[in-house]
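Let's take a walk through a protein complex together. Have a look at the sequence and the 3D picture below, and then read on.

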Amino acid sequence: MSIAVLLKQVPDTTAKIAVSGGRVDQGSVSKWSTSPYDEYALEYALQLKESGAGDLVAITCGPARSSKMLTDAAAVGVDSMLHVEVDTSEMDSKQIQSILAAAVKHCDADVILCGKQAADTNSGSTGPGVASLIDAACVGMVSEVSVDGDGFSALRGTPTGNERVVVSRPCLFAFDKAATELRRPNVKGIMMAKKKVIETVSPGDLGVDIGESGIKINAHDSPPEKPPGQKFEGAESVSTVVTKLREEANVI
Amino acid sequence: MVEYEAPLRDYDFLFNEVFDVTPTIKRLGYDFDEDFLSMLAEGWADHAKEVWLPINQLGDRVGLKFENGEITMPQEFKDAYKQGIEGGWFSTSTKPEHGGMGAPIFFQSVIWGEIATATNMAMSVLPALTLGVYDVLNEHGDQVLVDYFSSNLAQGHWAGTMCLTEPHAGTDLGIISSKAIPQDDGSYRVTGTKIFITYGEHDMTENIVHLVLAKTPGSPEGTKGITMFLVPKYLPKDWKSGDLDGLSHDLMQEHNGVTCAGSEEKMGIHASPTCVMNFDNSVGWRVGDLHTGMKLMFQMMNQERLATGIMGLGLAEIAYQNSLAWAKDRRQGRDLRGPKDPKEPADNILVHPDVRRMLLEAKVNNEGCRALAAWTGILLDQMHSDDPDEVEYASSLVALFTPIVKAHFTDVACETASTCMQVMGGAGYCTEYAVEQFYRDVRISKIWEGTNGVQALDLAGRKITQNMGKNLRHLMWPLTEFIEENRDIPEMLEFNKPLHQGVRGLQQLTLLMIAEGQANPHFLAAGATDYCRYFGNVLLAYMWAKMAKKAMEKKGDPFYDAKIASARFFFKRIYPETVSLAAKIQSGHKSVMEYPTEMF
């Protein structure tokens, strides 16, 4: 059995997003990156692999451009990559979960790590959905995971603090932001990644009938523009600032 | 906070779209594709931004410590250098058998170089020099020397320097007095003093490998009598005499008679040691044949000249990015045609034509220089082709471009850094904002590796007539072809026509320089700097016309539309300086040379 990390390629957080004809114009996105929470999942997946928990496969489903993200993951140490090449832009969460669950089974993985939500859709449903489909324990809001005997020990945030839980296989960890430093690819890793072959399949190859999307996106809109910042100078403005912080920002 | 984003989108445009590098590099035998290039570039950009950039200002303010003949570098620099070795970032283009990655040269020379110097110029010089020593050694050193030194140099564990200048011999190396006395065991004993030795002494690496120019007894006078020697700071601990075959890489405690007598206090690059080095009966080995030292050193020097030009680009880019970030936040005055933001007390300074002019000059020169750097980088790889015609073509163009890349890029970079300070007004002059550091750091680039005046003389006096004029012919062929191809394309007219005029002007000025220069060398020398700048402008014009042509294929996309607008700015607001440059060259040398010397 092996470890799988589920990665999603999203517009980079620094990229400008243009909306055209009621849809995000994907062609105008200047830079695509791995979704930030997924990066923490990847880091801990690498740590689990290095602890001897199994070989690590990186899985994504998305258009052809997503394969670059898998090669990036290989550059930091992922053993193999599976790309379910499909246009996911009009799919609902359930369809994507079906594909990923089939991909996890295809890779014979029983420890799955992913981000708690993707930076583009923010739906937060992939981790719990996949866990449900493969009948695995699901631990959300994880900020740390390590091998603990035959199972795993994970630290997860709760509204009142942190909670440490122990789970056994099969299990899925959905990652929040973690305190760990993310590793950067080195030249040797990049050269090695270049030689690794990505297994590219379609949902049909995995035996998945994704059916029709249950959700229809009517339109994307840009968020309203943020009001400009306000500047205050001199001691005489302190009372104004305090009033604004209390009454407008509600922070004191 | 210092801003910097590596221009990865620009590299993608240049290497993949304008120059379509992949087929060329694959043909040269590399296992290479676009994704690999982008991974290497992104990987290095992340590393440099996260490891090198945060300590750049610290290096400037704390600098290095010279005490009792030893130089101590800031601990942060030592840690960052170690991380660079661990990441393999100093060995992308060195050979796999030496622990290198064997990637194409253009990555290390252009992309690595620009990002390295932008994020930490003082640090960047060390691996760049080491790579130069590695290359010369591998091409010309005896196998025993190659075997002993290459792996440690290739991976950055040991550092390299070039030791040319002496207190009385700078540009005129023919009068150096360093001596090398042959020994019965095949080695030499080298004695002499060298000055301005970058990273001559430091504690970043276990050993420092100096390439020293010296003369053996009975050598011919002048540069023809100079030989190159490899002199390590430390010898192997099991060395007794003779060569280094099979010896340990553990080193002696005592140095090899190589001492540092001091480090210069400088205007910039405070964390880059500039040393006075004494070689006192130091054990060394000859590199290459007797009396070929100048030729070999010039191989390394030419590599460093290209690196210096790209260094100018790196600093000009980071200066631009920081002045732009500042300008975007700064509100002063109103748009002369009426307020742009009436609700604000003042408009953003980007409404002011003169601020826009300054920022555009910086941006457009940077992007033009980057394009020429990209082309030159690809030619460096083509110089290693199996096809002799391709080698001859690439070598000719690299020879021609080297003084232009060095001089034009660094002249423009110094102007750009100054202009970027100007954009920021008083803030630009304050140390809180890093642009003043970039201005101080970049200034050396006009001076070292042969002053820009020397580069201009090299271009006008040597490179244009070298190889029976082949250097120039290899340039004129693609230039003329491009002009012809685009002659009847209406959209290209605004770029192609001035390019054609500039090329014709260049041909006329070249003939003038050769003809008048033969009759009177003062004519050639007095016009050389202006000729070099004219040439640089024509090459950038070619680059901008090529970029505009490519960008037209994707009109409507903001990135490509900006490229066309930048090309327009170049041809309207930068390129016209060729008219005054031509007038200055044509005016000849008399106003310069007939001025009474005693009145200076």
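How many salt bridges are counted between domain 1 of chain B and domain 2 of chain B? The count there is one salt bridge, a term used for a side-chain nitrogen of Lys or Arg within 4 Å of a carboxyl oxygen of Asp or Glu. The partners are K78(B) and D203(B), whose side chains meet at 2.7 Å, N to O. Side chains of opposite charge can pair when their charged atoms come close.

Before we go further, a few ground rules. This is a predicted model, in which local features need pLDDT of at least 70 and side-chain atom pairs count only at pLDDT 80 or more, while totals for chains, interfaces and linings use all residues. Residues are numbered from 1 along each chain as its sequence is written, chains are lettered from A and ligands numbered from 1 in the order in which they are written, and side-chain values use heavy atoms, with hydrogens and water left out.

Now let's step back to chain B. It is divided into domain 1 (8–138), domain 2 (159–244 + 251–290) and domain 3 (451–591); such bounds come from an automatic or database domain assignment. The C-alpha centres of domain 1 of chain B and domain 2 of chain B lie 25 Å apart. Where these two domains touch, 23 residues of domain 1 of chain B are in contact with 26 residues of domain 2 of chain B, contact meaning heavy atoms within 4.5 Å. The size of an interface is often given as the accessible area lost when the parts come together. For domain 1 and domain 2 of chain B, the buried area is about 2,100 Å², and carbon and sulfur atoms give 75% of it. Buried area here is the accessible area (1.4 Å probe) that two parts lose on being put together, summed over both.

The interface of domain 1 and domain 2 of chain B also has six residue pairs in polar contact, both residues being at pLDDT 80 or more. A polar contact is a pair of N or O atoms within 3.5 Å; within protein, one must be able to donate a hydrogen and the other to accept it, and residues adjacent in sequence count only if both atoms are side-chain atoms. On the side of domain 1 of chain B that touches domain 2 of chain B, α4 (56–62), β2 (70–72), α5 (75–87) and α6 (105–140) of chain B each supply at least two residues. Helices (H or I, at least four residues) and strands (E, at least two) are DSSP runs, numbered from the N terminus. On that side of domain 1, α6(B) gives the most, with ten residues.

Next, let's see how the two chains meet. The contact takes 14 residues from chain A and 21 residues from chain B. Chain A and chain B bury about 1,500 Å² between them, 64% of it on carbon and sulfur atoms. In chain A, R184(A), V187(A) and K194(A) lose the most area to chain B, together 41% of what that side buries. Three salt bridges cross the interface of chain A and chain B. In one of them, E50(B) pairs with R184(A), with the closest N and O atoms 2.5 Å apart. On the side of chain A that touches chain B, α2 (67–75) and α5 (187–195) of chain A each supply at least two residues, and α5(A) gives the most, with six residues.

Chain A has some details of its own. R183(A) forms a salt bridge with E50(A), the closest N and O atoms being 2.6 Å apart. This pair links distant parts of the chain, 133 residues apart: R183(A) is in the loop between β12 and α5 of chain A, and E50(A) is in helix α1 (residues 36–50) of chain A. Most residues other than glycine have a negative phi, and most peptide bonds are trans. A cis peptide bond, however, joins R169(A) and P170(A), with omega about -10°. P170(A) is found in the loop between β11 (161–167) and β12 (171–175) of chain A. Phi of N250(A) is near 55°, a positive value in a residue other than glycine.

Finally, what confidence does the predictor give? The mean pLDDT, the predictor's confidence in each residue from 0 to 100, is 95 for chain B and 93 for chain A. The complex receives an ipTM of 0.78 and a pTM of 0.90.
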